[in-house]
Every structure is written in C-alpha cells, then in structure tokens.
Amino acid sequence: MWAQIFQISLLNLRNLPQRLGSSSVIVVGIGGVVAVLVAILAMAAGFSATLNRSGAPDRAIVLRGGSSSAELSSTIDNRQRQFVSTLDGVRLSSSELYTVADIPKRATLLPSNVVIRGVEQSAFEIRPEVRIIEGRNFTPGRSELIAGRAASEQFLGIDLGATVELRQSEWTVVGIFEAEGSAYESELWTDLAIAQSAFRRFSLISSMRLQLEQPAAVDSLQAEFDNNPSIDLSVTSEEEFFRGQSEFLTTLITGFGYGVALIMAVGAMFAALNTMYAAVSTRTVEIATLRALGFGATPVVFSVIAESVALALIGGLLGAAVAWFGFNGYTVSTLNQGSFSQVAFDFAVSPDILVTGIVWALALGMAGGLFPALQAARMPITRALRGD
Amino acid sequence: MSIVELQQVSRHFTKGKQTVEVLDNIDLTIEEGDFLALMGPSGSGKTTLLNLIGGLDQPTAGSIEVAGQQLVGLSSRKLAQWRARNIGFIFQFYNLLPILSARRNVELPLLLTRLGGGQRKRNADVALTIVGLADRARHKPGELSGGQQQRVAIARAIVADPRILVCDEPTGDLDRETADEILDLLELLNRKHGKTIIMVTHDPKAASHARHTLYLDKGNLVREAA
Amino acid sequence: MKSFPLIWSNLFRRRVRTFLTLFSIVAAFLLFGLLRSIAGAFEMGVNVAGVDRLMVSPKYSMVDGLPISHLAQIEAVEGVDTATHMTWFGGTYQNPINFFPKFPVQPRFYFDMYSEYIIDPLQLDEFERIRTAAVASAELAEEFGWQIGDRIPIEGDIWLRGDGSNLWEFELVGTYRVGDEDTDFPSFLFNYEYFDEARVPETQGIVSNFMVRVSDPDQAAEVSARIDAQFENSINPTRTATEEEANRQFAAQVGDIGLIMNSILSAVFFTILLLTANTMTQALRERIPELAVLKTLGFTDRRVAFLVLLESVLLCGIGGAIGIALSGIALQALGPELEGFLGQIEISAATTLSGVGIALLLGVIVGLNPALSARRLQVVEALRK
C-alpha cells in the first residue's frame, strides 16, 4: 500500500506545476497565517524576555507599602533607608530615585515617558550586567548621565556627548551602557544626590535594590517589616517584580495573536479546501483510471492529503521565514503599564514559536486536504471515467 | 427583395506561416423569406459563411450587406447591437446556459431591449408556446431532452423577433424523429412567421425541408439548386 | 440591473466553491472589523475630545502634577471661558484586573466642562453635597453591579491618606452617560474637596491637569500659548494643547497600534486577494463557451465584461458585509471581556463604511482580469471549442 501511496503522490507532484496558480493559494494563505502568528508571538516573547531578563532571584526591590508594583509612586525616607540597609540577609543595598521625563521618540517625535534613575555606586555592584560600552560612567556630583543603549536609540537627542534638558536642568550624556538586553537599557542613569537636588526630592528616594545573601531572604525581610510598626515598606524579589510587570501585556498580546491567527486560519482553510477540491476535480479522470487499474481508495486519499500538507508545509516555512527575516530583532518601544514608562524590546522569534507556526501549517494542510481526499475516493469510477 | 447580399467575399485564416483560404471570392444573394440549406463536406467553409452572415466574423475581402446593413468594418460593439436586433442563432449543441431555467434562457436576448420585467416574461412565454414548450418554462436545460433543449434554443432565437435565423447543424445531435419535428418547426417559422432561415446541414433529408439548397466545396459555391 | 438574475445564478453555479470563497472573504472582513475597532478604541480618546477644550499638563511629565493655585491664574488668562481640574488617582478596586480611571474632580464644574456627560441634576446635587460621594459611568456601574447607595472601597497607591491608611471608601450617589453612546468611557469620579483634605498633608494641593474651555475655538492656539507663557518661569511650568492633541500624545505612548493592525490586515487582504482572484479565474475558464453564446445573442463585449466584473464585486461585497456584521456581533459578545482594558469597543460607522468600500474595491481588483479576458473573447474561436 505504501508503494501505491508513493506512486500516486509522485504522480500528483509531477503535475503540480500545471496547477501552480491555484496551489500558490494554499502556500500564500497558510504562509500568511504563520507569518502573522509567529510575528505576534515573537512580540509577546520579546517583551516578556526583556522584563524577565531585568530581574534576578537573589535581588530584591523595596518599595513603600501599598505601592507594591510601581517605583514611580513610591517614596522612602532616610530613616527607613537606614533601617533596611543594616538588616540581616542584605549583602548590599542601593538607594535609587526613580522618575520619568517626556522626551520625543525618534520615530514619532511625540513625547514619551523615559525613566531617569538616580543611583549610588553600589547600584553597579548589584547589577553586574550593566556595562559601559561607549564613553565613560558619570562622575558623582556632576550633571552627567549615562543612557541605556535602547533609550539612546529610541529617543531624540540622547546621543553620546549631547546635552539634554530634563526638567529645567541640563545634563550631558557621557556614556552609553548595555544591560544584557534588559529593561534597564531603556533608562537614563545619573548620580542619586544630583538627581535628588535637580528634581527637588531632597532626601527622599523611590526604591532600594538589595543584593540578598540568598533568594529566600525576601520572606524574612517582609516579616521584619511587618513586625515593625514604624516601617511601612514592602519587599519583592526582583524576578517576581518584573514578571508581574510583563504578565498583563504578554498575556494580552499572546491572546490577541492566537485570536487573529485563528480567524485567519479559518479563512486559509477554506482557501485550501477550495484549491484541493479543484485539484481533485481536474484530476477526476486520472484518479478514476488509477482506481480502474486496481489502485485502492486509501492511497488516493493519502495522496491528496499529502499534496495539501506538502503545500501547507512550504507555506508554513515561507511564513516563518518572512517573520524571522522581517521581525527577528526588530526593536519597538511601548508604554509598560507596570512602570508607566517606555520600555524598548526586540521581537524574539524563538525555535518554540517557529515550531508552533509549522504545527499550525501542518494542521491546516491536513484539514484542507481531508474532505477533498474523501470525495476523490468516493467518486464512482465509471462515471468519473466518462468525465462527468 | 434581397436580405443578404455577399459580393466577392473571401476569408483567409493564417496559421503560423500558412494561409488557409476558407472562402474564395463568393457572391451570394438571399431573398427575404427564403429557407436556404447550405451543404457541403467538412471544411468546405459552411460555418465560416454562416458566421459572416450572422455578423460574428469579418471577411478578409469583399462586402456583406445583411438586413440593409453593411457589416464589413463595423465595430464589435455595433455588430453586437445589430445581431441583437436582426439575427437569431441556433446551434448544433443548443448552447443554453445550464444554470438558467428555460424561460430565463429565452429571456436573455430581451435583456438587451428596453422591455420591462413583466413584458420580457410574457414575450418569453409566447416564444415558448410557439415552440410547444409552454409547460417546461421552469425547467433547467439539464432536465430536458435534446429535442426540447433545441426547441428552447429556437424560442430564444425568435424571442426578439429577428428577421433572420442562422442555424448551424440544428439537427446534428438529434435522432431522425426529433430532427423532423425541429425541421417542421423551422418550416413553420419560415412560412407562417416569415423568418428568413439560413441553415448549415450535412443531412440531405434536413435540406429537403428548405426551399433552396446551396453547395459549398473548397471555399467555392458550386451549385445552386431549386 | 436586468442582468442580476443571470449574475446571481452564475455565482452559485458551483455552490461549494462559491461558499468556500465567500467564507474566506467573511473571515478577512471579520478580522477587519475587529482589528479596526480595537485600534479605534485606542484612538477613541482622540475622538471624544471637544473642539473648544484645552488640556493643561505639567511641562516635563504627566506624572508631576501641578499646584491648584494655577487654577485662578488660568481663569484670568484672556480668552479662557472656564477652567476646572482633575487628578489621576490610580488605585485598585478589589483586583488589579478591574482597571478603570478614577478622578477626584470638582463636581459642578466638571459636568459643566464635559457638557456631553448627562447626569440627573438631583444626583449632581448629592454628588456636590456629600463629602465622600462618587459617581460612575452607567456602563461601569452595570459591569460591577453597583447600586446607588453602595459603598465602594478603593485601595490607593499614588495617593495615601493622612491617617496612615490607604483604603479610600466612597458612596455611589449617581451615574452618568455620554450623550453619544458611541463614545462612552468608563470612569469613576469623586469629590476633590474630600480627597484633598484626606490625603497626606505634604501632597495636598496638587492636581494632574487643568481643563480649559476657550471662548472662541478659533483662538485655541493663542490661548494655549498665553497659558504656557504665564507659567514658563514658575517652578511648575505647563504644556497646553487641545484635548485632541493631548489624547493623541498619550495614545502614541502605547506605540503605533494602528500600524500593527494595518500590517496584519495587509497580510490578510493580500491572501484573500490571491484566493478570490484564483476562484474568479477558475469560474471564468469554465464559462468561456457560455460567454461566447451571450456575445452571439448580441451582448456587447463591454456588457459581457461587466457581467463578469459585477459577479466578483457581488461576491466580495456579500462576503465583506457578512464579515463586518459578524465582527459587530462578536464585539457585542466580547465587549464586556475586552472593555476592562480597552474601554468601550464598538464598530464605528467609519469602519463599516470603509470595510464595505474595501470589499467592493477588492471585488473590482479581483474581477478586473477575468472581465478583460471576457471582453477580449473571440466568439468564433470560443464556439469552435
């Protein structure tokens, strides 16, 4: 039987070029579905990867109690800051001021929120991934800042050596840094003390980053805060903090991607059905002749499905290729609702996503070939031979 | 009074570098009210001559005047409008539209007139009555026999009341008995309704229903018989 | 349209093929309706904007806030009719997923400014009279099953209470609607006076925005410039724009949603174009002898071409209409699910019209080539086959 299937499939493939126009409908239709699905999933994956890369399990973030998700609305005073930095289980701490400023995006020229983070030297020790790739680090006590690579790429005027006006004060961009593709690359960093005075925050800070002895220390720290009535703080592991920020948008984009792809897939499946019905009907006589010669019904069914799946696979591969070459590494920036600031991220076309796309293509090819194949097999031989 | 006047009509077809002379310098006059049978072997140019008279084709040379209109040099648009008014076509394989009912098929030529829907339907029914198929108006061609289909085609040919009916082997696909019925119907249309009929046929018995028979051979009119 | 029955019958000559093609077109326009409406929801703020309203925001970032003392100065600016303010409250009702905007406002002035919002005058009186009163858009009240008199707890995050708690509690005294149903916008409003007294003393007197109605909409640009000039050298400089412009700037922060939607739709339409064109070409090929017969009957070349073209336009038009109707139904059904984070989504008249327009255009593009072939068809040759 396998020999028969092989023979008939070969026959089909040989006259495929004659039906190039209609066959391309399957290829393009399913290719379109896969391209859209892969591109949208890659967008969601890129966003969540950027935020998840930003967090480490043995680092924690301390915010004012009640503002557990946003550094922007958090304030911590000196007294509480002292208290935290001396606690057991905290190896290192960095006090940080977090605010945003409107800077026009290069792409739209419309002002968008960019994070300005005032940091102490310990911030760099806690985040070893932050590396200056151009220029130098800011000098404490001077109105200098360093810009994340993505911030420099996305926002107008954030160039090495340039002077930018932020909130009525002038700053010189003295360096560009990378942070392994994390959300920090969308930020501008400067000296904490300078930021506090420039933005009139006096001795207040927004948040603290802690290097913990071990990840589990988060729980004991929170217990410590809760037991102390004069302390109103909450602590979260940095990993969890960023995962929380990415969850909403990632779920939204992923759901949207599957929804769009599903409707497109229905359309593409009808197109595939159409093409395969036409393919079967133009080959009526040929199929009937084969059947008259003694070929079984099953090989006919399989050969039709094989053709449809083969075309779908070509479409799926093309669609995946389009998404890969068109979008992999494509950088966009959006408003991260969690931090109320712009975060730039790259579309990430991962092998997982490519496999998902190909699986969809195969399933669609299968669905598009099944009914026409059954029709071909059920065709009464004598009538079909007359070409009715 | 002549209704068809062909003068020195030639029609060549070029196939690649080869030129085939299908009609060679033909002169032909057909009187109004005639029923003319055109006979001749395959490839003698009968259908080409018919197509020229019916305004479907243009000659390589010569002049063709039909129903008072010089056809040579008319645009395809003018020709189409002229056909709609003056010519009814009847084919060997009926050429009905399979998706339309008999009545809708008959009604087709009336879509080119200014008649309203109700009037079109009545005219189509009259034509169907003349061909004896009033009770089959709602049937589709696939549900009718060959003879019935040819009657529907005849009804379609006469519905717009053209002066000339052009028939290409109208009985070529029918058995003897049915063929005779169709030929009787054509005779009736000729005698009672005054249609000029030009019919290409292979069949001498069919030709015997006509008033005149004309023989074509290798592109030349060879004999005119009474 | 005498030929309509002819076109119609031709369309359904091969039922399976026609329906499969139709469903593909329906799928494409279903997506069109949905995606354009979602994009529309992002742009909606732009549309609700009044032509005679300005939005005064902090110059450097919308998170900064402005002192309430600016209000009197703005009212004194030449060309300003009235002004009021609102504050972005943030906050959470029960669960972060229940997102809706909450603003402390000046009740009387707010509803005077947004005259398209309709509220019962008695409820507005209550809103003004009761310190802890709040009103919600009718849509929102319905979504959470709130009744007048209910106490609604909101957990504060940006604004904490001076008493050390971060639990704010409001009493619902009324609901309001937007005159034009299409632009309903879920929001929750409460009394600024109470909010200001109760918040941490150091944060008192700060608001997010001022809304200004100008006497003459044509003077909007000049008035904006005057307001900004007023505060240019203060420690709280402002940026004033028409409400429309301000909303557009905020929407742009999310990214170009319209661009993403349009990219997807281009992919969809390209696919459908190819598919439908293929179907129409197949349909034409089978029908060549019949078209020749029509020509012998005296149908002109142009008329035959037109028949073929109309068939394709009809197919695409029907598919487009069904698809857009389905997207309307789907949005009705999904609306409550999506409104949580996108606000009101409805299929707009503009989307419907442009959808139908695109469908007809698609029909023309797809039918053009077959129509031209039909026009060129030579009767004598076609009949010989």
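Two strands count as paired if DSSP finds at least two bridges between them. Strand 4 (residues 61-66) and strand 5 of chain B are joined by two bridges and run antiparallel. The model is a predicted one. Two pairs of chains touch, and chains A and C make the most contacts; chains A and B have no contact.

**Sheet in chain B**

- An open sheet of four strands in chain B has the order 2-1-4-5, with antiparallel pairing.
- Strand 2 (18-31) and strand 5 (69-70) of chain B are at the edges with a single partner strand each, so each has one side without a neighbour in the sheet.
- Val66(B) is placed opposite Gln69(B), a residue of strand 5 of chain B.

**Chain contacts**

- The closest C-alpha atoms of chain A and chain B are 13 Å apart.
- Between chain C and chain B, 22 residues of chain C are in contact with 26 residues of chain B.
- These two chains, C and B, bury about 2,100 Å² between them, with 67% of it on carbon and sulfur atoms.
- On the chain C side, Lys2(C), Leu297(C) and Val380(C) lose the most area to chain B, together 27% of what that side buries.
- The interface of chain C and chain B has zero salt bridges by the rule, while four residue pairs are in polar contact, both residues being at pLDDT 80 or more.
- Helix 1 (4-11), helix 11 (288-296), helix 12 (301-342) and helix 14 (379-384) of chain C each supply at least two residues of the side that touches chain B.
- Helix 11 of chain C gives the largest share of that side, five residues.
- By class, the side of chain C that touches chain B has nine nonpolar, six polar and seven charged residues.

**Salt bridges**

- Over all chains, the structure holds 42 salt bridges.
- Arg117(A) and Glu71(A) form one with closest N and O atoms 3.0 Å apart; Arg117(A) is in strand 3 (residues 111-119) and Glu71(A) in the loop between strand 1 (59-64) and helix 3 (78-85) of chain A, so the pair ties together parts 46 residues apart in sequence.
- Arg117(A) and Glu71(A) are both buried.
- Asp161(B) and Lys195(B) form a salt bridge at 2.4 Å between the closest N and O atoms, linking parts of the chain 34 residues apart.
- Asp161(B) is exposed at 55% relative accessible area, whereas Lys195(B) is buried at 7%.
- In chain C, Asp163(C) pairs with Arg161(C) in a salt bridge, the closest N and O atoms being 3.2 Å apart.
- Asp163(C) is exposed at 53% relative accessibility, and Arg161(C) is buried at 15%.
- Salt bridges with shared partners join residues of chain A into one network, Arg117(A), Glu71(A) and Arg209(A) among them.

Conventions:
Residues are numbered from 1 along each chain as its sequence is written. Chains are lettered from A and ligands numbered from 1 in the order in which they are written. This is a predicted model: local features need pLDDT of at least 70, side-chain atom pairs count only at pLDDT 80 or more; totals for chains, interfaces and linings use all residues. Side-chain values use heavy atoms; hydrogens and water are left out. Contact means heavy atoms within 4.5 Å. Buried area is the accessible area (1.4 Å probe) that two parts lose on being put together, summed over both. A salt bridge is a side-chain nitrogen of Lys or Arg within 4 Å of a carboxyl oxygen of Asp or Glu. A polar contact is a pair of N or O atoms within 3.5 Å; within protein, one must be able to donate a hydrogen and the other to accept it, and residues adjacent in sequence count only if both atoms are side-chain atoms. Ala, Val, Leu, Ile, Met, Phe, Trp, Tyr, Cys and Pro count as nonpolar, Asp, Glu, Lys and Arg as charged, and the others, Gly among them, as polar. Buried means under 20% relative accessible area, exposed over 50%, partly exposed in between (1.4 Å probe, protein chains only).
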